[in-house]
Amino acid sequence: RILITGALGQIGSELTLKLRDIYGADNVIATDIKKNDSEAAQSGPFETVDVTDLNKMVEVAKKYNVDTVMHLAALLSATAEAKPVFAWNLNMGGLMNGLETARELKAQFFTPSSIGAFGPSTPKDNTPQDTIMRPTTMYGVNKVAGELLSDYYFQKFGVDTRGLRFPGLISYVALPGGGTTDYAVEIYYEAVKTGKYTSYIDKGTYMDMMYMPDALNAIVDLMEADSLKLIHRNAFNVTAMSFEPEEIAASIAKYVPGFEISYAVDPDRQKIAESWPNSIDATAAKEEWGFKYAFDLDKMTKDMVEKLRQKI
Ligand code: VAH
């Protein structure tokens, strides 16, 4: 059985459904700080868990006798930069509790890292799996510390910890909250609703991105990989594409005739974006557990526009 924290968030709301399809609804326990009427909350076991409450997390894990913990609850980059102390306490306190729960139950463990774990002194193009990592955001500090803590729990306690450095994730089910790459999600909603979008990220700002179906497959493939083949664990670079606002706008214009992008740059989120790589290298993930993706920019745009036209 799998316990998911942050199960009603951007990744969690879709990962919960995918894992229930694969492993059976009753074997996937969705948890979050409070319940809502989403399919993730309604389609199987749900428990309210504040990830800063270790006792509650362990109690729920034991109640269902879980063998896997997927820790997704966290504050994203822009929110973390606005509330750095709260971000440290939630992101690091929550992660420690997730790791402690996995250790106590001898469970496998997954948590996402991010391209946000890299900083201005990291090589920006085709960023290697192993390279300098001195992020200048609280979110990045949390992600690097989280990678090291997860590796520590593997080395010290033998917990089977695994992670992925996700690029910006694009989806039409649940909106992301407080991220820097969120412009690449908002732009699709606005394209379908109004035919235009004002971007807070400047033209020419490249960031890695991935469509949510590819991200979910990467999580399942990583967690099912033969642990003897893993040289790295926390965390693997994974990416499907890298683009800047003009390029996603051009892709959208193919499916939303007349679509127009304009710019009102948010200096705070622009500064975060500029500290991250332009493109990262996913060779280690491909070699160690067969990472692959199906959606490039135009294929993602076609699907996003179709699905949002149905949804809105
Ligand atoms: C964010 N969507 O923008 C997240 C992610 C790589 C970006 O970490 O903070």
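Which backbone N or O atom lies 2.6 Å from an oxygen atom of the ligand? The atom belongs to Thr180. The model discussed here is predicted, with local features requiring pLDDT of at least 70 and side-chain atom pairs counting only at pLDDT 80 or more, while totals for chains, interfaces and linings use all residues. Residues are numbered from 1 along each chain as its sequence is written, and side-chain values use heavy atoms, with hydrogens and water left out.

The surroundings of the ligand come first. The residues around the ligand include Leu76, Ser77, Tyr139, Phe166, Gly179, Thr180, Thr181 and Trp276, where a residue is near a molecule or strand if one of its heavy atoms lies within 4 Å of it. The side chain of Ser77 places an N or O atom 2.6 Å from an oxygen atom of the ligand. The side chain of Thr181 has an N or O atom 3.0 Å from a nitrogen atom of the ligand. A polar contact is a pair of N or O atoms within 3.5 Å; within protein, one must be able to donate a hydrogen and the other to accept it, and residues adjacent in sequence count only if both atoms are side-chain atoms.

Helices (H or I, at least four residues) and strands (E, at least two) are DSSP runs, numbered from the N terminus. The buried residues of H7 are Tyr183, Ala184, Val185, Ile187, Tyr188, Tyr189 and Ala191; buried means under 20% relative accessible area, exposed over 50% and partly exposed in between (1.4 Å probe, protein chains only). H7 is followed by Gly195, whose phi is positive, near 80°. In soluble globular proteins, nonpolar side chains tend to be buried together. The largest nonpolar core has 97 residues, of which Leu164, Ile170, Tyr183, Tyr188, Phe243, Trp289 and Met300 touch the most other members. H8 gives the most to this core, with eight residues. Such a core is a set of buried Ala, Val, Leu, Ile, Met, Phe, Trp, Tyr and Cys residues joined through side-chain atoms within 4.5 Å. Leaving aside neighbours within four places in sequence, Tyr188 is in contact (heavy atoms within 4.5 Å) with residues including Ile170, Ile248, Leu297, Met300 and Leu308.

A search of the whole structure finds eight aromatic pairs. Tyr183 and Tyr200 form one that is edge-to-face, at 6.3 Å centre to centre with 80° between the planes. Tyr183 lies in helix H7 (residues 183–193) and Tyr200 in the loop between strand S8 (196–199) and strand S9 (207–211), so this pair ties together parts that are 17 residues apart in sequence. Both tyrosines, Tyr183 and Tyr200, are buried. Phe236 and Trp289 also form an edge-to-face pair, at 5.8 Å centre to centre with 80° between the planes. Because Phe236 lies in strand S10 (residues 236–237) and Trp289 in helix H11 (residues 283–289), the pair ties together parts that are 53 residues apart in sequence. Rings of Phe, Tyr and Trp (its six-membered ring) pair if their centres lie within 6.5 Å; planes under 30 degrees apart count as stacked, over 60 as edge-to-face and the rest as tilted.

With a relative accessible area of 14%, Ala225 is buried. Leaving aside neighbours within four places in sequence, Ala225 is in contact with Arg162, Leu230 and Trp289. The C-alpha atoms of Ala225 and Gly290 are separated by 8.6 Å, although these residues are 65 apart along the chain.

Most residues other than glycine have a negative phi, and most peptide bonds are trans. The peptide bond from Asn234 to Ala235 is cis, with omega near 0°, and Ala235 lies in the loop between helix H8 (212–224) and S10. Asn65 has a positive phi, near 50°, and lies in the loop between helix H3 (54–63) and strand S4 (68–71). Asn65 counts as exposed, at 57% relative accessibility. Lys106 has a positive phi near 55° and is exposed, with a relative accessible area of 75%.
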